[in-house]
Amino acid sequence: MSEEKSVGSREKEFYYPSEEILANANVKAYEELYKKSITDREGFWADQADELHWFKKWNKVLDAAKAPFYKWFVGGKLNIVDNAIDRHLKTWRRNKLALIWEGEPGDVRTYSYHALNREVSKFANILKSMGVQKGDIVTIYMPQIPELAIAMLACAKIGAAHSVVYGGFSVEALAERIEDADSRVLVTADGGWRRGKITDLKTIANEAMKRSPTIEVCITVKRTGQQVYMENDRDFWYHDLMSLPVANQKCETEVMDAEDMLFILYTSGTTGRPKGLLHTHGGYAVYTATTHKMVFDIKEEDRWWCAADPGWITGHSYIVYAPLINGATVMMYEGAPNHPYPNRWWSMIEKYGVTILYTSPTAIRGLMRFGEAWPNRHDLSSLRLLGSVGEPINPEAWKWYHRVIGKDKCPIMDTWWQTETGGFMITPLPITPLKPGSATKPFFGNEIAVVDDKGVDVKTGEEGKLVIKSPWPGMARTIYKNPDRYVETYWKDYQQQGWYKAGDSARIDEDGYVWIIGRIDDVIKVSGYRLGTAEIESALVSHKDVSEAAAIALPHDLKGNAIHAYVILRTGITGSKELKETLKNHVSHEMGPIGKPESITFTDSLPKTRSGKIMRRVLKARALGQDEGDLSTLEQ
């Protein structure tokens, strides 16, 4: 890949694909296909849907009659598991490796598509024997082990939906999500490994179940072997259930409507409770499989490693569903990238012959800190493509990733998308000339713009609000049990135009390349994970010494952003260093370690509007020593 540096601006710094990449790419020309996908959007998506197996073809590609509650592939019948597993069993892929898993302590398990089908079918039978029916929502709270993917696929196979809760979340977050989903069944593990230590998931799950009266059955995978409390008639060991005769019965894959619920996944909002985004079998399967295949140029011989957690949308779409639909071999790893040494990832790429690595800027920056010697002692020549996800990647990290890990030959697919979108929305292809730090161009079928509050396009190079002008198959259909909030959050601001508000600020340069700047609402991205300021503040205020709190994001070299909290203490309580640590640990207990503030400042007052809304931008400006802007709306 050659580079052009004749122009000083980073917006004119292009990295071009090699002749080999251009010659072998699945998609040879972007502009021509993009134009076709916009002028005949339904025709384009019908062509992609034809790549999947349908029990019954759709009557209509897109139904916009009740927009923004769009429906895709109306009348079509399929099941995402039929496409991710069943259809491969009729071909030579039956014996192809579907999953290679390595645990942090070094244990390894592999599954062919045949073996994966066996495990999924067995657990599907167990779920049915526990009374799980089509349309039920099963909550899953697990470490990054094969049983997490198996549980997700088993739910989908029998027509139940899954709600996966990230294994780093704590009691309150888990209980809240169980309650919202009305789950009867919880699937968890005794624990997981992270940096040589056990994450005690079952104890957290037990405490959450005390607050969640809907749970009747808890199935626990034995991963770490430490002693855990198991309640009679509620708690069952996964391995005991999987050895029962009922597990070995034949299990048919349920025929689902294209618009039937596949899963809900909770994402933090600006206010109130987390939002359960609802995705469906049909549109999600088509969109994730298409984006994965085209953006990462998937070949039969690829070993695909998305180094995310299945508890987030990245893991749902690009560890579990899309790669299996495309018949790829998926790499999955349980632990930290730098345990026991900073070469853990690089040794695994060498060991397993990984061809594509898709990870976050946070992970890249974290590994950069250890220098080039660690990756350079390994043979990374199997890599042909790299990817980035979760937040905008700074150009310095991009260049290090490209040069040191990709050896100047692997294009970086810097993808912008959200839980709400289901899959990549703005992304390069391997044939795209790249600019470090830019997500480049919209994926096929997507029309995007950067606009002001009135919906008018801002000038080239100016910052504005990112909007998506057209529906796409992978879009979340609604917020579970709260359609009004769905409209209010994503569609109301530009309802007249029918545009989706992404909630991010961005700009488009003179070459039409999109640069994502960051969130415009009260959501903080830490290490690529979205956390609502409301959740963090609620956790702080739940402590007996705290009267009021405000949380903001400040730039952090490693995490991208770090949480900084301002706290008003109750009358008679004096702030101290010890109290700051107590409050940090309290938030960590309530939300999980990801929510732990970097620093806490005690204050007597918070800047608020007359209507009582905390002005977090003012706090951020003060912290960064910047102009505080217009303060006319502040209460005096």
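Predicted model: local features only at pLDDT ≥ 70, side-chain atom pairs only at ≥ 80, totals over all residues.

**Inside the model: rings, cavities and strands**

Trp45 and Tyr287 are both buried. Trp45 belongs to helix α3 (residues 41-49) and Tyr287 to helix α10 (residues 281-295), so their contact ties together parts that are 242 residues apart in sequence. Both rings are also members of one aromatic cluster, which is made up of Tyr30, Tyr34, Phe44, Trp45, Tyr287, Phe443 and Phe444. For the structure as a whole, the count of aromatic pairs comes to 40.

Rings also meet charged side chains. The charged end of Lys435 is placed over the ring of Tyr513, at 4.6 Å from its centre, and Arg369 lies over the face of Phe370, with 5.6 Å to the ring centre.

The largest cavity holds about 60 Å³ of space, and its lining consists of Ala98, Leu99, Leu116, Ala149, Ile319, Val320, Leu324 and Val330. Two elements, β6 (97-102) and α11 (313-325), each give two or more residues to this lining, and α11 gives the most, with three. By class, the lining of the largest cavity has eight nonpolar residues, with no polar and no charged ones.

Just after α11, Gly327 adopts a positive phi of about 70 degrees.

The second largest cavity contains about 30 Å³ of space. Around this cavity stand Leu277, Glu420, Trp472, Met475, Ala476, Tyr486, Tyr490, Trp491 and Tyr500. Its lining divides into eight nonpolar residues, no polar residues and one charged residue.

The strands complete the picture. Eight of them make up an open sheet with mixed pairing, in the order β14-β13-β10-β8-β9-β16-β17-β25. At its edges are β14 (235-237) and β25 (478-479), each of which pairs on one side only. Within this order, strand β8 (residues 137-141) and strand β10 (residues 185-189) run parallel and are joined by three bridges, and Thr139 has Leu186 of β10 as its bridge partner.

A hairpin of two further strands can be described in the same way. Strand β28 (residues 523-526) pairs with β29 in the antiparallel sense over four bridges, and the bridge partner of Val523 in β29 is Gly532. Two residues lie between the strands of this hairpin, in which Ser527 takes a positive phi near 55 degrees. Strand β29 (residues 529-532) is covered on both faces, with Tyr529 and Leu531 buried on one side and Arg530 and Gly532 buried on the other.

How values were computed: Residues numbered from 1 in each chain as written. Heavy atoms only, no water. 1 Å grid on protein atoms, 1.4 Å probe; cavity = no way out; pocket = protein on both sides within 12 Å on 5 of 7 lines; lining within 4 Å. Points joined across faces, edges and corners; volume = space filled by probe spheres on them. Nonpolar A, V, L, I, M, F, W, Y, C, P; charged D, E, K, R; others polar. Phe/Tyr/Trp six-rings, centres within 6.5 Å; stacked < 30°, edge-to-face > 60°. Buried < 20%, exposed > 50% of the residue type's maximum accessible area, 1.4 Å probe, protein only. Lys NZ or Arg CZ within 6 Å of the ring centre and 35° of its normal. Pairing = 2+ DSSP bridges.
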